[in-house]
Amino acid sequence: MAFNPKKRQTLAAGAAAAVAAFLSACTSTPLTPAAGTGPVMPSAPGAGPAVVPGAGAVPPLSLTGPVPPAAPREFRAAWVSTVANIDWPSRAGLPVAKQQSEAIAILDRAKALNLNAIVLQVRPSADAIYPSELEPWTEYLTGQQGKAPSPLYDPLKFWIDQAHARGLELHAWFNPYRARHATAKSANSRDHISMTKPQTVKTYGRYQWMDPGEAEASKHTLDVILDVVKRYDVDGIHIDDYFYPYPIEAPGAAGEAAALEAGNVPAGGAPRPELDFPDQPAWQRYLAGGGQLDRASWRRQNVNQLIEAIYTGIHREKSWVRFGISPFGIGRPDRRPPGILGFSQYDKLYADAELWLKNGWLDYLAPQLYWAISPPPQAFDVLLDYWLRENTRGRHVWPGLYTSRIDGTVKSFEPEEIVKQIGVTRSRAGANGHVHFSIAALMQNRKGISDQLKSVSYQSAALVPASPWLGAEAPGAPKVGARRGAAGLDLKLSAGKGATQYAIWARYGEEWRFTTAPATRGEVTLADEAGVQARAVVVSAVDRLGNESERVTAQL
(Lines give C-alpha, C1' and ligand atoms only; values in the text may rest on other atoms or scores of the structure.)
Protein backbone atom coordinates (compact mmCIF):
# COMPACT_ATOMS: atom_id res chain seq x y z
CA MET A 1 0.00 0.00 0.00
CA ALA A 2 2.87 2.37 -0.62
CA PHE A 3 1.91 5.80 -1.88
CA ASN A 4 4.05 8.35 -3.71
CA PRO A 5 2.21 11.66 -4.11
CA LYS A 6 2.63 13.39 -7.43
CA LYS A 7 4.19 16.82 -7.51
CA ARG A 8 1.62 19.48 -6.75
CA GLN A 9 0.03 20.93 -9.86
CA THR A 10 -1.68 24.13 -10.85
CA LEU A 11 -5.48 23.98 -10.78
CA ALA A 12 -6.67 23.35 -14.33
CA ALA A 13 -9.44 25.39 -15.93
CA GLY A 14 -11.87 22.48 -15.78
CA ALA A 15 -11.13 21.94 -12.11
CA ALA A 16 -11.56 25.64 -11.46
CA ALA A 17 -14.98 25.53 -13.06
CA ALA A 18 -15.96 22.59 -10.89
CA VAL A 19 -14.83 24.43 -7.78
CA ALA A 20 -16.67 27.55 -8.89
CA ALA A 21 -19.86 25.51 -9.20
CA PHE A 22 -19.25 24.22 -5.71
CA LEU A 23 -18.85 27.74 -4.36
CA SER A 24 -22.05 28.99 -5.96
CA ALA A 25 -24.02 26.09 -4.45
CA CYS A 26 -22.94 26.79 -0.87
CA THR A 27 -25.17 28.80 1.43
CA SER A 28 -24.08 30.26 4.75
CA THR A 29 -20.59 28.78 4.88
CA PRO A 30 -19.20 28.40 1.34
CA LEU A 31 -16.25 26.11 0.85
CA THR A 32 -13.56 28.08 -0.93
CA PRO A 33 -10.61 26.00 -2.03
CA ALA A 34 -7.29 27.22 -0.78
CA ALA A 35 -3.87 25.76 -1.18
CA GLY A 36 -1.90 23.87 1.37
CA THR A 37 -2.39 20.64 3.15
CA GLY A 38 -3.29 20.59 6.80
CA PRO A 39 -0.64 20.43 9.48
CA VAL A 40 1.85 17.64 9.02
CA MET A 41 1.13 15.78 12.25
CA PRO A 42 3.53 13.43 14.02
CA SER A 43 2.55 9.81 14.50
CA ALA A 44 2.29 10.08 18.26
CA PRO A 45 0.06 12.57 20.09
CA GLY A 46 1.95 15.40 21.70
CA ALA A 47 5.13 15.17 19.64
CA GLY A 48 6.71 18.33 18.24
CA PRO A 49 5.05 21.38 16.65
CA ALA A 50 3.01 21.02 13.50
CA VAL A 51 4.37 22.46 10.27
CA VAL A 52 2.04 23.83 7.61
CA PRO A 53 3.33 24.03 4.02
CA GLY A 54 3.23 27.47 2.52
CA ALA A 55 3.30 28.64 -1.08
CA GLY A 56 4.52 25.32 -2.45
CA ALA A 57 1.08 23.75 -2.17
CA VAL A 58 -1.50 23.60 -4.97
CA PRO A 59 -2.34 27.17 -6.01
CA PRO A 60 -6.02 27.92 -5.35
CA LEU A 61 -8.45 30.21 -7.02
CA SER A 62 -7.53 33.79 -6.16
CA LEU A 63 -8.61 34.60 -2.60
CA THR A 64 -7.74 38.20 -2.04
CA GLY A 65 -9.03 41.03 0.04
CA PRO A 66 -8.44 42.57 3.45
CA VAL A 67 -10.09 39.68 5.35
CA PRO A 68 -10.37 35.98 4.55
CA PRO A 69 -13.68 34.37 3.54
CA ALA A 70 -15.77 32.06 5.68
CA ALA A 71 -14.08 28.84 6.73
CA PRO A 72 -14.54 26.02 4.21
CA ARG A 73 -17.04 23.39 5.35
CA GLU A 74 -17.43 19.85 4.06
CA PHE A 75 -17.60 16.42 5.67
CA ARG A 76 -14.95 14.29 3.95
CA ALA A 77 -14.72 10.78 5.29
CA ALA A 78 -13.91 7.19 4.42
CA TRP A 79 -15.25 3.97 5.84
CA VAL A 80 -12.66 1.61 7.33
CA SER A 81 -14.07 -1.93 7.36
CA THR A 82 -12.80 -4.52 9.81
CA VAL A 83 -15.19 -7.33 8.80
CA ALA A 84 -13.42 -9.92 6.65
CA ASN A 85 -10.30 -7.72 7.00
CA ILE A 86 -11.47 -5.58 4.08
CA ASP A 87 -9.50 -2.52 5.19
CA TRP A 88 -7.95 -3.03 8.62
CA PRO A 89 -6.12 -4.96 9.80
CA SER A 90 -4.98 -6.37 6.47
CA ARG A 91 -5.29 -9.88 7.87
CA ALA A 92 -6.21 -11.51 11.15
CA GLY A 93 -3.40 -12.38 13.52
CA LEU A 94 -1.04 -9.53 12.64
CA PRO A 95 1.37 -8.52 15.41
CA VAL A 96 0.14 -5.55 17.41
CA ALA A 97 2.92 -3.31 16.09
CA LYS A 98 1.85 -4.10 12.52
CA GLN A 99 -1.82 -3.44 13.33
CA GLN A 100 -0.84 -0.06 14.72
CA SER A 101 1.41 0.85 11.82
CA GLU A 102 -1.36 0.01 9.36
CA ALA A 103 -3.78 2.21 11.31
CA ILE A 104 -1.29 5.07 11.30
CA ALA A 105 -0.77 4.69 7.55
CA ILE A 106 -4.53 4.98 6.98
CA LEU A 107 -4.80 8.05 9.18
CA ASP A 108 -1.77 9.67 7.55
CA ARG A 109 -3.29 9.06 4.13
CA ALA A 110 -6.60 10.57 5.23
CA LYS A 111 -4.80 13.65 6.54
CA ALA A 112 -2.65 13.98 3.43
CA LEU A 113 -5.77 13.90 1.26
CA ASN A 114 -7.46 16.60 3.38
CA LEU A 115 -10.16 14.27 4.63
CA ASN A 116 -11.47 15.22 8.06
CA ALA A 117 -13.11 12.05 9.40
CA ILE A 118 -12.77 8.28 9.58
CA VAL A 119 -15.75 5.96 10.04
CA LEU A 120 -14.23 2.91 11.72
CA GLN A 121 -16.08 -0.40 12.01
CA VAL A 122 -15.84 -1.31 15.70
CA ARG A 123 -18.52 -4.04 15.81
CA PRO A 124 -18.47 -6.33 12.76
CA SER A 125 -20.64 -9.22 14.02
CA ALA A 126 -21.77 -8.81 17.64
CA ASP A 127 -18.09 -8.65 18.55
CA ALA A 128 -15.65 -5.84 19.21
CA ILE A 129 -12.29 -4.34 18.28
CA TYR A 130 -12.03 -2.99 21.85
CA PRO A 131 -12.16 -4.54 25.33
CA SER A 132 -15.81 -5.04 26.28
CA GLU A 133 -17.72 -6.75 29.05
CA LEU A 134 -20.69 -7.08 26.68
CA GLU A 135 -19.17 -8.69 23.60
CA PRO A 136 -16.07 -10.75 22.73
CA TRP A 137 -13.01 -9.63 20.84
CA THR A 138 -13.52 -9.99 17.09
CA GLU A 139 -11.68 -12.72 15.23
CA TYR A 140 -10.63 -10.19 12.58
CA LEU A 141 -7.98 -8.93 15.01
CA THR A 142 -6.41 -12.13 16.29
CA GLY A 143 -7.91 -14.93 14.18
CA GLN A 144 -10.01 -16.28 17.03
CA GLN A 145 -13.15 -14.72 18.45
CA GLY A 146 -12.73 -13.90 22.12
CA LYS A 147 -8.93 -13.79 21.95
CA ALA A 148 -7.41 -10.45 22.95
CA PRO A 149 -4.46 -8.85 21.16
CA SER A 150 -1.09 -9.66 22.69
CA PRO A 151 0.47 -7.59 24.03
CA LEU A 152 -2.86 -6.23 25.18
CA TYR A 153 -3.90 -2.83 23.87
CA ASP A 154 -7.16 -1.04 23.10
CA PRO A 155 -7.41 -0.61 19.30
CA LEU A 156 -10.38 1.76 19.49
CA LYS A 157 -8.63 4.10 21.90
CA PHE A 158 -5.51 3.92 19.72
CA TRP A 159 -7.51 4.93 16.63
CA ILE A 160 -9.26 7.76 18.49
CA ASP A 161 -6.05 9.18 19.94
CA GLN A 162 -4.18 9.00 16.65
CA ALA A 163 -7.10 10.45 14.67
CA HIS A 164 -7.53 13.38 17.05
CA ALA A 165 -3.78 14.06 17.00
CA ARG A 166 -4.17 14.66 13.26
CA GLY A 167 -7.32 16.78 13.55
CA LEU A 168 -9.52 13.96 12.23
CA GLU A 169 -12.88 12.97 13.65
CA LEU A 170 -13.44 9.32 14.55
CA HIS A 171 -16.95 7.90 14.10
CA ALA A 172 -17.53 4.44 15.59
CA TRP A 173 -19.40 2.22 13.13
CA PHE A 174 -21.62 -0.59 14.40
CA ASN A 175 -23.45 -3.35 12.59
CA PRO A 176 -26.73 -3.32 14.55
CA TYR A 177 -27.97 -6.91 14.09
CA ARG A 178 -25.44 -9.19 12.34
CA ALA A 179 -24.20 -11.93 14.69
CA ARG A 180 -21.91 -13.92 12.41
CA HIS A 181 -20.50 -13.15 8.97
CA ALA A 182 -20.30 -15.70 6.19
CA THR A 183 -16.50 -15.31 6.14
CA ALA A 184 -16.04 -16.12 9.84
CA LYS A 185 -13.61 -18.94 10.47
CA SER A 186 -13.37 -19.39 14.24
CA ALA A 187 -16.14 -20.71 16.47
CA ASN A 188 -18.33 -18.26 18.36
CA SER A 189 -16.87 -17.69 21.81
CA ARG A 190 -18.70 -18.55 25.01
CA ASP A 191 -19.54 -14.89 25.70
CA HIS A 192 -21.02 -14.25 22.23
CA ILE A 193 -24.74 -13.46 22.18
CA SER A 194 -25.44 -16.60 20.16
CA MET A 195 -24.23 -18.56 23.20
CA THR A 196 -25.45 -16.37 26.07
CA LYS A 197 -28.88 -15.56 24.58
CA PRO A 198 -29.42 -18.16 21.86
CA GLN A 199 -33.13 -17.43 21.58
CA THR A 200 -32.32 -13.98 20.18
CA VAL A 201 -30.14 -15.23 17.31
CA LYS A 202 -31.40 -16.88 14.12
CA THR A 203 -29.52 -18.65 11.35
CA TYR A 204 -30.22 -17.16 7.93
CA GLY A 205 -28.33 -18.73 5.06
CA ARG A 206 -24.61 -18.55 5.87
CA TYR A 207 -25.16 -15.81 8.45
CA GLN A 208 -26.36 -15.56 12.02
CA TRP A 209 -28.63 -12.62 12.76
CA MET A 210 -29.97 -11.05 15.92
CA ASP A 211 -33.75 -11.05 15.62
CA PRO A 212 -35.02 -7.44 15.71
CA GLY A 213 -38.33 -8.79 17.05
CA GLU A 214 -36.62 -10.01 20.21
CA ALA A 215 -36.51 -7.20 22.74
CA GLU A 216 -33.35 -8.64 24.33
CA ALA A 217 -31.51 -8.43 21.03
CA SER A 218 -32.35 -4.76 20.50
CA LYS A 219 -31.53 -3.92 24.12
CA HIS A 220 -28.19 -5.66 23.74
CA THR A 221 -27.28 -3.59 20.68
CA LEU A 222 -28.37 -0.39 22.44
CA ASP A 223 -26.30 -1.29 25.51
CA VAL A 224 -23.24 -2.00 23.36
CA ILE A 225 -23.48 1.35 21.56
CA LEU A 226 -24.07 3.39 24.71
CA ASP A 227 -21.17 1.62 26.42
CA VAL A 228 -18.86 2.99 23.72
CA VAL A 229 -20.41 6.46 23.96
CA LYS A 230 -19.78 6.49 27.71
CA ARG A 231 -16.24 5.08 27.67
CA TYR A 232 -14.69 6.52 24.52
CA ASP A 233 -14.09 9.99 23.12
CA VAL A 234 -15.81 9.30 19.80
CA ASP A 235 -17.14 12.10 17.61
CA GLY A 236 -19.95 10.09 16.09
CA ILE A 237 -21.87 6.82 16.23
CA HIS A 238 -22.62 5.25 12.87
CA ILE A 239 -24.75 2.29 11.82
CA ASP A 240 -24.91 0.75 8.37
CA ASP A 241 -27.60 -0.72 6.10
CA TYR A 242 -27.94 -4.14 7.75
CA PHE A 243 -31.25 -4.18 9.59
CA TYR A 244 -33.21 -7.29 8.70
CA PRO A 245 -30.83 -9.23 6.44
CA TYR A 246 -30.71 -8.81 2.69
CA PRO A 247 -32.96 -11.58 1.33
CA ILE A 248 -31.38 -14.70 -0.05
CA GLU A 249 -33.00 -16.86 -2.65
CA ALA A 250 -34.65 -20.09 -1.66
CA PRO A 251 -32.50 -21.97 -2.48
CA GLY A 252 -29.30 -20.07 -3.28
CA ALA A 253 -27.69 -16.88 -2.07
CA ALA A 254 -28.05 -13.43 -3.59
CA GLY A 255 -28.06 -10.94 -0.74
CA GLU A 256 -26.84 -7.37 -0.96
CA ALA A 257 -24.80 -7.94 -4.11
CA ALA A 258 -27.96 -8.79 -6.05
CA ALA A 259 -29.76 -5.82 -4.51
CA LEU A 260 -27.02 -3.47 -5.63
CA GLU A 261 -26.86 -4.79 -9.17
CA ALA A 262 -30.45 -5.47 -10.16
CA GLY A 263 -32.93 -5.59 -7.33
CA ASN A 264 -35.12 -8.61 -6.74
CA VAL A 265 -37.21 -8.52 -9.91
CA PRO A 266 -35.59 -9.82 -13.10
CA ALA A 267 -36.37 -7.90 -16.28
CA GLY A 268 -39.74 -9.15 -17.53
CA GLY A 269 -39.95 -11.78 -14.81
CA ALA A 270 -41.65 -12.54 -11.53
CA PRO A 271 -39.94 -11.88 -8.18
CA ARG A 272 -37.44 -14.53 -7.19
CA PRO A 273 -38.52 -16.80 -4.31
CA GLU A 274 -36.89 -15.70 -1.06
CA LEU A 275 -36.12 -17.43 2.19
CA ASP A 276 -38.20 -15.72 4.87
CA PHE A 277 -36.47 -14.52 8.00
CA PRO A 278 -37.24 -17.00 10.82
CA ASP A 279 -38.83 -14.66 13.36
CA GLN A 280 -42.01 -16.69 13.88
CA PRO A 281 -41.71 -17.00 17.70
CA ALA A 282 -41.46 -13.22 18.22
CA TRP A 283 -44.22 -12.62 15.68
CA GLN A 284 -46.59 -15.05 17.40
CA ARG A 285 -45.92 -13.44 20.79
CA TYR A 286 -46.73 -10.06 19.29
CA LEU A 287 -50.06 -11.32 17.94
CA ALA A 288 -50.88 -13.09 21.20
CA GLY A 289 -50.32 -9.82 23.02
CA GLY A 290 -52.94 -8.09 20.90
CA GLY A 291 -50.69 -6.59 18.23
CA GLN A 292 -52.56 -5.12 15.27
CA LEU A 293 -49.82 -4.41 12.72
CA ASP A 294 -49.22 -6.58 9.68
CA ARG A 295 -45.93 -8.46 9.73
CA ALA A 296 -44.00 -6.04 7.50
CA SER A 297 -45.13 -3.02 9.53
CA TRP A 298 -44.29 -4.86 12.75
CA ARG A 299 -40.78 -5.55 11.48
CA ARG A 300 -40.31 -1.88 10.57
CA GLN A 301 -41.58 -0.88 14.00
CA ASN A 302 -38.95 -3.12 15.63
CA VAL A 303 -36.21 -1.32 13.74
CA ASN A 304 -37.75 2.13 14.28
CA GLN A 305 -37.82 1.62 18.04
CA LEU A 306 -34.11 0.83 18.09
CA ILE A 307 -33.23 3.84 15.90
CA GLU A 308 -35.13 6.22 18.16
CA ALA A 309 -33.62 4.66 21.30
CA ILE A 310 -30.08 4.98 19.93
CA TYR A 311 -30.57 8.63 18.99
CA THR A 312 -32.11 9.53 22.35
CA GLY A 313 -29.59 7.49 24.33
CA ILE A 314 -26.53 8.95 22.62
CA HIS A 315 -27.56 12.54 23.24
CA ARG A 316 -28.58 11.81 26.81
CA GLU A 317 -25.01 10.70 27.45
CA LYS A 318 -23.11 13.21 25.29
CA SER A 319 -24.97 15.92 23.43
CA TRP A 320 -22.14 16.54 20.97
CA VAL A 321 -21.81 12.99 19.63
CA ARG A 322 -23.55 12.83 16.25
CA PHE A 323 -25.58 9.82 15.16
CA GLY A 324 -25.36 8.81 11.52
CA ILE A 325 -27.06 6.10 9.46
CA SER A 326 -25.96 4.77 6.08
CA PRO A 327 -28.97 3.05 4.50
CA PHE A 328 -29.25 1.43 1.09
CA GLY A 329 -29.49 4.28 -1.39
CA ILE A 330 -32.91 3.69 -3.03
CA GLY A 331 -35.97 5.00 -1.23
CA ARG A 332 -39.49 3.72 -0.74
CA PRO A 333 -41.16 2.42 -3.93
CA ASP A 334 -44.20 4.67 -3.48
CA ARG A 335 -42.06 7.83 -3.34
CA ARG A 336 -39.35 7.22 -5.91
CA PRO A 337 -38.71 9.65 -8.75
CA PRO A 338 -39.81 8.52 -12.21
CA GLY A 339 -37.36 6.09 -13.78
CA ILE A 340 -35.79 4.87 -10.53
CA LEU A 341 -36.01 1.10 -10.16
CA GLY A 342 -34.47 -1.55 -7.94
CA PHE A 343 -34.32 -3.08 -4.52
CA SER A 344 -36.68 -1.87 -1.79
CA GLN A 345 -35.05 -1.58 1.61
CA TYR A 346 -38.45 -0.49 2.95
CA ASP A 347 -40.02 -3.84 2.00
CA LYS A 348 -37.00 -6.15 2.32
CA LEU A 349 -34.76 -4.75 5.07
CA TYR A 350 -37.72 -3.13 6.87
CA ALA A 351 -35.75 0.12 7.03
CA ASP A 352 -37.92 3.25 6.94
CA ALA A 353 -35.16 5.80 6.43
CA GLU A 354 -37.67 8.40 5.30
CA LEU A 355 -39.38 8.20 8.70
CA TRP A 356 -36.07 8.57 10.52
CA LEU A 357 -35.38 11.76 8.60
CA LYS A 358 -38.90 13.06 9.16
CA ASN A 359 -38.69 12.47 12.91
CA GLY A 360 -35.14 13.79 13.25
CA TRP A 361 -33.81 10.52 14.71
CA LEU A 362 -30.37 11.06 13.21
CA ASP A 363 -27.84 13.84 12.77
CA TYR A 364 -26.61 12.76 9.37
CA LEU A 365 -27.77 10.44 6.62
CA ALA A 366 -25.16 8.80 4.41
CA PRO A 367 -27.26 6.95 1.81
CA GLN A 368 -25.19 4.45 -0.14
CA LEU A 369 -25.45 5.92 -3.63
CA TYR A 370 -23.30 3.28 -5.25
CA TRP A 371 -24.29 3.91 -8.87
CA ALA A 372 -22.98 6.16 -11.62
CA ILE A 373 -24.48 9.50 -12.57
CA SER A 374 -25.62 8.49 -16.03
CA PRO A 375 -27.64 5.21 -15.90
CA PRO A 376 -31.32 6.10 -15.40
CA PRO A 377 -32.52 3.15 -13.23
CA GLN A 378 -30.28 4.16 -10.29
CA ALA A 379 -28.83 7.54 -11.24
CA PHE A 380 -26.61 9.06 -8.55
CA ASP A 381 -27.85 12.62 -8.97
CA VAL A 382 -31.54 11.68 -9.07
CA LEU A 383 -31.21 9.59 -5.93
CA LEU A 384 -29.30 12.33 -4.13
CA ASP A 385 -32.06 14.80 -4.97
CA TYR A 386 -34.61 12.35 -3.61
CA TRP A 387 -32.97 12.14 -0.20
CA LEU A 388 -32.52 15.89 -0.05
CA ARG A 389 -36.26 16.35 -0.65
CA GLU A 390 -37.00 13.90 2.16
CA ASN A 391 -34.74 15.83 4.54
CA THR A 392 -37.41 18.18 5.90
CA ARG A 393 -35.69 18.56 9.30
CA GLY A 394 -32.48 19.92 7.77
CA ARG A 395 -30.14 17.19 8.96
CA HIS A 396 -26.84 16.57 7.19
CA VAL A 397 -26.94 14.50 3.98
CA TRP A 398 -23.53 13.04 3.17
CA PRO A 399 -23.88 10.46 0.38
CA GLY A 400 -21.79 7.32 0.37
CA LEU A 401 -19.62 7.01 -2.76
CA TYR A 402 -18.62 3.65 -4.19
CA THR A 403 -14.96 4.57 -4.62
CA SER A 404 -13.98 0.90 -4.37
CA ARG A 405 -15.83 0.28 -7.63
CA ILE A 406 -12.61 1.58 -9.18
CA ASP A 407 -11.42 -2.02 -9.30
CA GLY A 408 -10.31 -2.98 -12.81
CA THR A 409 -13.35 -5.15 -13.55
CA VAL A 410 -15.70 -4.67 -16.49
CA LYS A 411 -18.02 -2.72 -14.16
CA SER A 412 -15.24 -0.54 -12.81
CA PHE A 413 -15.71 3.18 -12.34
CA GLU A 414 -13.12 5.54 -13.69
CA PRO A 415 -11.71 7.98 -11.11
CA GLU A 416 -13.47 10.82 -12.94
CA GLU A 417 -16.82 9.32 -11.92
CA ILE A 418 -16.06 9.85 -8.23
CA VAL A 419 -14.71 13.35 -8.88
CA LYS A 420 -17.90 14.19 -10.78
CA GLN A 421 -20.08 12.77 -8.01
CA ILE A 422 -18.34 15.04 -5.52
CA GLY A 423 -19.03 17.94 -7.89
CA VAL A 424 -22.71 16.98 -8.16
CA THR A 425 -22.97 16.77 -4.37
CA ARG A 426 -21.40 20.20 -3.99
CA SER A 427 -23.87 21.66 -6.47
CA ARG A 428 -26.85 20.69 -4.29
CA ALA A 429 -27.94 22.92 -1.45
CA GLY A 430 -28.27 20.75 1.65
CA ALA A 431 -25.59 18.23 0.69
CA ASN A 432 -22.39 19.27 2.41
CA GLY A 433 -20.19 16.21 2.47
CA HIS A 434 -19.65 12.60 1.41
CA VAL A 435 -18.11 9.31 2.56
CA HIS A 436 -15.90 7.00 0.47
CA PHE A 437 -16.36 3.25 0.54
CA SER A 438 -13.77 2.33 1.34
CA ILE A 439 -10.34 3.53 2.38
CA ALA A 440 -8.70 0.65 0.47
CA ALA A 441 -9.22 2.38 -2.87
CA LEU A 442 -7.57 5.53 -1.54
CA MET A 443 -4.71 3.65 0.07
CA GLN A 444 -4.00 1.85 -3.20
CA ASN A 445 -4.50 5.03 -5.25
CA ARG A 446 -6.46 2.97 -7.79
CA LYS A 447 -6.09 4.44 -11.25
CA GLY A 448 -4.75 7.59 -9.61
CA ILE A 449 -7.96 8.38 -7.68
CA SER A 450 -6.08 9.74 -4.66
CA ASP A 451 -3.99 11.99 -6.88
CA GLN A 452 -7.10 13.32 -8.61
CA LEU A 453 -8.92 13.96 -5.35
CA LYS A 454 -5.99 15.89 -3.92
CA SER A 455 -5.37 17.98 -7.04
CA VAL A 456 -9.00 18.66 -7.96
CA SER A 457 -11.42 18.01 -5.10
CA TYR A 458 -9.47 18.45 -1.86
CA GLN A 459 -7.00 21.27 -2.39
CA SER A 460 -7.37 22.60 1.13
CA ALA A 461 -8.49 21.41 4.51
CA ALA A 462 -12.14 21.85 5.47
CA LEU A 463 -14.08 22.03 8.70
CA VAL A 464 -16.87 19.55 9.35
CA PRO A 465 -20.24 21.32 8.93
CA ALA A 466 -21.86 22.55 12.13
CA SER A 467 -24.85 20.77 13.71
CA PRO A 468 -26.79 23.67 15.26
CA TRP A 469 -29.74 21.52 16.40
CA LEU A 470 -27.35 19.92 18.92
CA GLY A 471 -25.97 23.22 20.18
CA ALA A 472 -24.96 26.56 18.70
CA GLU A 473 -22.96 28.30 21.42
CA ALA A 474 -19.60 29.39 20.05
CA PRO A 475 -16.40 28.63 21.95
CA GLY A 476 -14.25 31.42 23.27
CA ALA A 477 -11.80 33.11 20.93
CA PRO A 478 -8.26 31.73 20.96
CA LYS A 479 -5.13 33.54 22.05
CA VAL A 480 -2.62 33.89 19.25
CA GLY A 481 1.02 34.91 19.30
CA ALA A 482 3.35 34.98 16.32
CA ARG A 483 7.04 35.44 15.67
CA ARG A 484 9.32 34.91 12.71
CA GLY A 485 11.24 31.66 12.87
CA ALA A 486 14.02 30.20 10.78
CA ALA A 487 11.66 28.43 8.38
CA GLY A 488 8.42 30.35 8.67
CA LEU A 489 5.98 32.03 10.97
CA ASP A 490 5.74 30.32 14.36
CA LEU A 491 2.32 30.57 15.98
CA LYS A 492 1.70 30.15 19.71
CA LEU A 493 -1.94 29.13 20.20
CA SER A 494 -4.16 28.76 23.22
CA ALA A 495 -7.81 27.74 23.01
CA GLY A 496 -10.54 28.10 25.57
CA LYS A 497 -12.73 25.37 27.02
CA GLY A 498 -14.62 23.27 24.49
CA ALA A 499 -12.45 24.03 21.48
CA THR A 500 -11.12 21.07 19.52
CA GLN A 501 -9.59 22.74 16.46
CA TYR A 502 -8.09 25.92 15.17
CA ALA A 503 -9.22 27.30 11.83
CA ILE A 504 -6.26 29.19 10.39
CA TRP A 505 -6.18 31.60 7.47
CA ALA A 506 -2.73 32.77 6.35
CA ARG A 507 -2.07 35.38 3.67
CA TYR A 508 0.82 34.77 1.27
CA GLY A 509 1.27 37.77 -0.96
CA GLU A 510 -2.31 38.73 -1.83
CA GLU A 511 -3.65 35.21 -1.42
CA TRP A 512 -5.42 33.73 1.63
CA ARG A 513 -4.88 30.06 2.36
CA PHE A 514 -6.73 27.85 4.82
CA THR A 515 -5.65 25.05 7.13
CA THR A 516 -6.60 23.52 10.47
CA ALA A 517 -4.78 22.23 13.54
CA PRO A 518 -5.95 20.30 16.61
CA ALA A 519 -6.55 22.49 19.66
CA THR A 520 -4.28 20.17 21.66
CA ARG A 521 -1.31 21.64 19.82
CA GLY A 522 0.11 24.85 21.20
CA GLU A 523 2.47 25.51 18.30
CA VAL A 524 1.98 25.63 14.55
CA THR A 525 4.53 26.79 11.99
CA LEU A 526 3.36 28.40 8.76
CA ALA A 527 6.26 27.53 6.49
CA ASP A 528 7.88 29.95 4.06
CA GLU A 529 8.07 28.78 0.48
CA ALA A 530 10.45 30.17 -2.13
CA GLY A 531 11.02 33.22 0.02
CA VAL A 532 7.30 34.03 0.39
CA GLN A 533 6.23 34.50 4.01
CA ALA A 534 2.81 34.56 5.62
CA ARG A 535 2.18 38.27 6.15
CA ALA A 536 -1.21 38.09 7.87
CA VAL A 537 -2.81 35.37 10.02
CA VAL A 538 -6.39 35.05 11.25
CA VAL A 539 -7.32 32.27 13.68
CA SER A 540 -10.59 31.06 15.19
CA ALA A 541 -11.42 28.21 17.55
CA VAL A 542 -13.91 25.49 16.61
CA ASP A 543 -15.78 23.16 18.98
CA ARG A 544 -16.94 19.57 18.53
CA LEU A 545 -20.20 20.65 16.92
CA GLY A 546 -18.44 22.85 14.37
CA ASN A 547 -19.33 26.12 16.09
CA GLU A 548 -16.70 28.76 15.38
CA SER A 549 -15.46 31.52 17.67
CA GLU A 550 -14.74 35.10 16.81
CA ARG A 551 -11.64 35.51 14.72
CA VAL A 552 -8.38 36.78 16.15
CA THR A 553 -5.77 38.51 14.00
CA ALA A 554 -2.21 37.72 14.96
CA GLN A 555 0.05 40.66 15.61
CA LEU A 556 3.12 40.14 13.42
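This is a working chat about a predicted model of one protein chain.

Trainee: What are the ground rules for this model?
Mentor: It is a predicted model, in which local features need pLDDT of at least 70, side-chain atom pairs count only at pLDDT 80 or more, and totals for chains, interfaces and linings use all residues. Residues are numbered from 1 along each chain as its sequence is written, and side-chain values use heavy atoms, with hydrogens and water left out.

Trainee: How many helices and strands does the chain have?
Mentor: The chain has 15 helices and 20 strands. Both are DSSP runs numbered from the N terminus, helices being H or I of at least four residues and strands E of at least two.

Trainee: And what share of the residues is buried?
Mentor: Of the 556 residues, 60% count as buried. Buried means under 20% relative accessible area, exposed over 50%, and partly exposed in between, with a 1.4 Å probe and protein chains only.

Trainee: Which strands make up the sheet of 9, and in what order?
Mentor: The order is β11-β10-β9-β8-β4-β3-β2-β13-β12, an open sheet with parallel pairing. Since β11 (396–397) and β12 (400–401) each have a single partner strand, they stand at the edges and one side of each is left without a neighbour in the sheet. Two strands pair if DSSP finds at least two bridges between them.

Trainee: How many bridges join β8 and β9?
Mentor: There are 4 bridges between β8 and β9 (residues 322–325), in the parallel sense. One of the residues involved is His-238, whose bridge partner in β9 is Gly-324.

Trainee: What about the sheet with 4 strands?
Mentor: That open sheet runs β17-β16-β19-β20 with antiparallel pairing. Its edge strands are β17 (511–518) and β20 (552–553), each pairing on one side only. Strand β19 (residues 534–543) is joined to β20 by 2 bridges, and Val-539 has Val-552 as its bridge partner in β20.

Trainee: Switching to the cores. Which residues touch the most other members of the largest one?
Mentor: In that core of 117 residues they are Tyr-130, Trp-159, Phe-174, Ile-237, Phe-323 and Trp-356. Helix α6 (residues 215–231) supplies the largest share, 7 residues. Another core, of 19 residues, lies apart from it and includes Tyr-502, Ala-506, Val-539 and Val-552. A nonpolar core is a set of buried Ala, Val, Leu, Ile, Met, Phe, Trp, Tyr and Cys residues joined through side-chain atoms within 4.5 Å.

Trainee: What does Ile-237 touch?
Mentor: Leaving aside neighbours within four places in sequence, Ile-237 has contacts that include Phe-174, Ile-225, Val-228, Val-229, Phe-323 and Tyr-364. Contact means heavy atoms within 4.5 Å.

Trainee: Where is Tyr-246?
Mentor: Tyr-246 is in the loop between β8 (236–239) and α7 (255–261). With 5% relative accessibility, Tyr-246 counts as buried. Its side chain makes a polar contact of 2.5 Å with that of Asp-241. A polar contact is a pair of N or O atoms within 3.5 Å; within protein, one must be able to donate a hydrogen and the other to accept it, and residues adjacent in sequence count only if both atoms are side-chain atoms.

Trainee: Which aromatic cluster is Tyr-246 in?
Mentor: Tyr-246 belongs to a cluster with Tyr-207, Trp-209, Tyr-242, Phe-328, Phe-343 and Trp-371.

Trainee: How many aromatic pairs are there?
Mentor: The count comes to 26. Rings of Phe, Tyr and Trp (its six-membered ring) pair if their centres lie within 6.5 Å; planes under 30 degrees apart count as stacked, over 60 as edge-to-face and the rest as tilted. Trp-283 and Trp-298 are a tilted pair, 5.2 Å centre to centre with 55° between the planes. Trp-283 is in helix α8 (residues 280–288) and Trp-298 in helix α9 (residues 295–317).

Trainee: Is Thr-425 buried or exposed?
Mentor: Thr-425 is buried, at a relative accessible area of 2%. This residue lies in helix α13 (residues 415–426). A polar atom of its side chain is 2.9 Å from the backbone oxygen of Gln-421.

Trainee: Last one: which charges sit over rings?
Mentor: Among them is Arg-332, whose charged end is over the ring of Tyr-346, 4.2 Å from its centre. Arg-513 lies over the face of Tyr-508, at 5.5 Å from the ring centre. The rule is that NZ of Lys or CZ of Arg is within 6 Å of the ring centre and within 35 degrees of the ring normal.
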